[in-house]
Amino acid sequence: MVSTVTTSLTDVASSDTALRAFLHGLPGVDRVGADQRAAMLGTRSIKTTAKAQAIDLAISMVDLTTLEGADTAGKVRAMCAKAVRPGGDAPKVAAVCVYPDLVPVAVGALGGTGVKVASVATAFPSGRSSLDVKVGETAAAVAAGADEIDMVIDRGAFLSGRYMKVYDEIVAVKAACGAAHLKVILETGELATYDNVRRASWLAMLAGADFIKTSTGKVSPAATPPVTLIMLEAVRDFRDATGRQVGVKPAGGIRTAKDAIKNLVLVNETAGDDWLSPDWFRLGASSLLNDLLMQRQKLSTGRYAGPDYFTLD
C-alpha cells in the first residue's frame, strides 16, 4: 500500500488541501475482503501450551477500565489491587484507565507496581468541547500523574471533512501530554465506512499518536475484528513509510478469552509479532479479565470456576 502513496509525508499537513488529498488518496478498503479475512483468522484454533501463553499475554495487555458516572475512589482502589494481582500467579495488567478526577487515586494505589495509569480526556466520550478545555483537561490529568492519555477525536469535524481541525487538536493534545503516551480514539462505530477508519488511523498517526484506539466503549459497534484488522494494516504500513511504530488498542465489546485470542491472531497475521507486546497492543476492557482468569484456571486445574469465584470489576 505504501508504494501507492505519492504525497511526501513531510508535506501532508502543510494545508487542508494537502491533507485531504493525501487521506483521500489512500487505497480504498475492500469491505468484503476485510470481513472475510477477519472471519477466517477468527477460526484459528489455539490449543494447550500455546493457549496458556496467549491467555497470559492477553492479561498483560489489558487496560482494566472503569468509566461510569458512579465510579468512586473505593472502586478504583479495588480495581487497582486486582490489576496488580489478578489472581494466583497471573501476570499484572498493563494499565488502569479512569476519568481524570480519579487519576490521583489510581496513582496512589499503583505507585511502584509497574502498572500504568491511563486517563480519558478531551471531553470523553463525545469530543465536543473547545480546544482550550481539551488541552487543559489533558494537562491536568498528566500533572496528576497519568502515564497515558486516551483522547477522543471530534467525529463531527472528521465526518464533515475538516481534517486539519482534527489534526491540529491531536497535535495540541500530544504537546500537552509531555512524556505521557497518547492514545487517539477514533470511535470507529461512528465513522460509517472502512475507508474512513483507514483515513482516521493515518490522520491520527501523522499528528503524533502513540496508539490508535477503536472506541470509547460507549458506541456500538465498537472493536469489531474487521476494524481492528484495518487499523493493524495502517500501523504496519505507517511504519514501513516512516520508520515509526504506533500501537493499536481495540476497546469495547471484547468480553471473552476467545475474543482476546482472536485479536492476538489478528495482530500476528497482520502487523507481525513486533506488535505482540503490551508496549504496542492493548485490550481495553472491563469484564474481559475475569473470563481470561477463568479460562486460565481451567487450563491449569482441569476445572472450570464460575464468575462468582472472581471479584467483579
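**Helices and their surroundings**

Modeller: This is a predicted model. We begin with helix α9, residues 194-206.

Colleague: How far apart are the end C-alpha atoms of α9, and what span should its residues give?

Modeller: Helix α9 has 13 residues. At 1.5 Å a residue, they should span 18 Å. The end C-alpha atoms agree with that, because they too are 18 Å apart.

Colleague: How many residues of α9 are buried?

Modeller: Buried means under 20% relative accessible area. The buried residues include Arg198, Arg199, Trp202 and Met205. Tyr194 and Leu206 are also buried. Helix α9 is largely enclosed by the rest of the structure, so the count of buried residues is twelve of the 13.

Colleague: Which residue with a positive phi follows α9?

Modeller: The phi in question is near 115°. The residue that follows α9 with this value is Gly208.

Colleague: Now α11. Which elements cover its buried residues?

Modeller: Helix α11 covers residues 257-270. Its buried residues include Ala257, Ile261, Leu264 and Thr270. Their cover includes one strand, β8 (283-285). It also includes the helices α2 (31-41), α3 (48-60), α10 (225-242) and α12 (288-301).

Colleague: What is the phi of the glycine after α11?

Modeller: That glycine is Gly272. Its phi is positive, near 110°.

**Packed pairs**

Colleague: Are α6 and α8 roughly parallel or roughly antiparallel?

Modeller: The angle between α6 (residues 131-143) and α8 (residues 163-177) is about 25°. Their axes lie 8 Å apart. Angles under 35 degrees count as roughly parallel. The pair is therefore roughly parallel.

Colleague: What is the handedness of the crossing, and which residues of α8 make the contact?

Modeller: Helix α6 passes α8 in a right-handed crossing. From α6, the contact uses Leu131, Lys134, Val135, Thr138, Ala139 and Val142. From α8, the residues are Glu169, Ala172, Val173, Ala176 and Cys177.

Colleague: How many nonpolar residues are in the contact of α6 with α8?

Modeller: Two residues of this contact are charged and one is polar. The nonpolar residues number eight.

Colleague: How does α2 lie against α10: roughly parallel or roughly perpendicular?

Modeller: These two helices pack at an angle of about 105°, with axes 8 Å apart. Angles of 65 to 115 degrees count as roughly perpendicular. Helix α2 is therefore, relative to α10, roughly perpendicular.

Colleague: Which residues of α10 make this contact, and how many charged residues does it have?

Modeller: Helix α2 brings Ala34, Asp35, Arg37 and Ala38. Helix α10 brings Pro225, Pro226, Leu229 and Ile230. By class there are six nonpolar residues, no polar ones, and the charged residues number two.

**Two single residues**

Colleague: Is Val105 buried or exposed?

Modeller: Val105 is found in helix α5. Leaving aside neighbours within four places in sequence, Val105 is in contact with Ala73, Val76 and Arg77. The relative accessible area of Val105 is 18%, and the cut-off is under 20%, so Val105 is buried.

Colleague: And Gly112: buried or exposed?

Modeller: Gly112 is found in the loop between α5 (103-110) and β3 (116-121). Its relative accessibility is 86%. Since the cut-off is over 50%, Gly112 counts as exposed.

Colleague: What separates the C-alpha atoms of Gly112 and Thr301?

Modeller: Along the chain, Gly112 and Thr301 are 189 residues apart. The separation of their C-alpha atoms is 32 Å.

How values were computed
Residues numbered from 1 in each chain as written. Predicted model: local features only at pLDDT ≥ 70, side-chain atom pairs only at ≥ 80, totals over all residues. Heavy atoms only, no water. Axes fitted to C-alpha atoms, helices over the stretch in contact; angles between N-to-C directions. Helix = DSSP H or I, 4+ residues; strand = E, 2+ residues; numbered from the N terminus. Parallel < 35°, antiparallel > 145°, perpendicular 65-115°, else oblique. Left-handed = near helix turned anticlockwise from the far one by under 90°. Contact = heavy atoms within 4.5 Å. Nonpolar A, V, L, I, M, F, W, Y, C, P; charged D, E, K, R; others polar. Expected span 1.5 Å × (residues − 1). Buried < 20%, exposed > 50% of the residue type's maximum accessible area, 1.4 Å probe, protein only.
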